[in-house]
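Thanks for coming. Please look at the chain first.

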Amino acid sequence: MSAKATSIFLLLLVLLAVPQAAPESDTVTCRKMKGKCSFLLCPFFKRSTGTCYNGLAKCCRPFW
């Protein structure tokens, strides 16, 4: 095996060994920010700060 083929093989091994980070879902992000998911308007004294369920619902958090 040539030096070039060996280096490509080692590079592929390193790339496969590094775990791929999956993006966090918007629902998990909302819950971590102490929000609640709502398919309708946000309840009284709450504001919309993002989305839940891949954009189908709103993430509602208190004003304070």
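I will start with the overall layout and then turn to the aromatic rings.

Keep in mind that this is a predicted model. The chain holds two helices and three strands. Read from the N terminus, the order of elements is α-α-β-β-β.

How much of the chain is buried? Of its 64 residues, 14% are buried. As for contacts between residues at least 6 apart in sequence, 24% of them join residues at least 24 apart.

Now the rings. A pair of aromatic rings is described by how far apart the centres are and by the angle of the planes. The chain has three aromatic pairs. One of them is formed by Phe45 and Trp64, with 5.8 Å from centre to centre and 55° between the planes.

Where do the two partners sit? Phe45 lies in the loop between strand S1 (36-38) and strand S2 (46-52), while Trp64 belongs to the segment after strand S3 (57-62). They are 19 residues apart, and the pair links distant parts of the chain.

Are these two residues buried or exposed? Phe45 is partly exposed, because its relative accessibility is 45%. Trp64 has a relative accessible area of 75%, so this residue counts as exposed.

Finally, ring pairs link Phe45 and Trp64 with Phe44 into a cluster.

Conventions:
Residues are numbered from 1 along each chain as its sequence is written. This is a predicted model: local features need pLDDT of at least 70, side-chain atom pairs count only at pLDDT 80 or more; totals for chains, interfaces and linings use all residues. Side-chain values use heavy atoms; hydrogens and water are left out. Rings of Phe, Tyr and Trp (its six-membered ring) pair if their centres lie within 6.5 Å; planes under 30 degrees apart count as stacked, over 60 as edge-to-face and the rest as tilted. Helices (H or I, at least four residues) and strands (E, at least two) are DSSP runs, numbered from the N terminus. Buried means under 20% relative accessible area, exposed over 50%, partly exposed in between (1.4 Å probe, protein chains only). Contact means heavy atoms within 4.5 Å.
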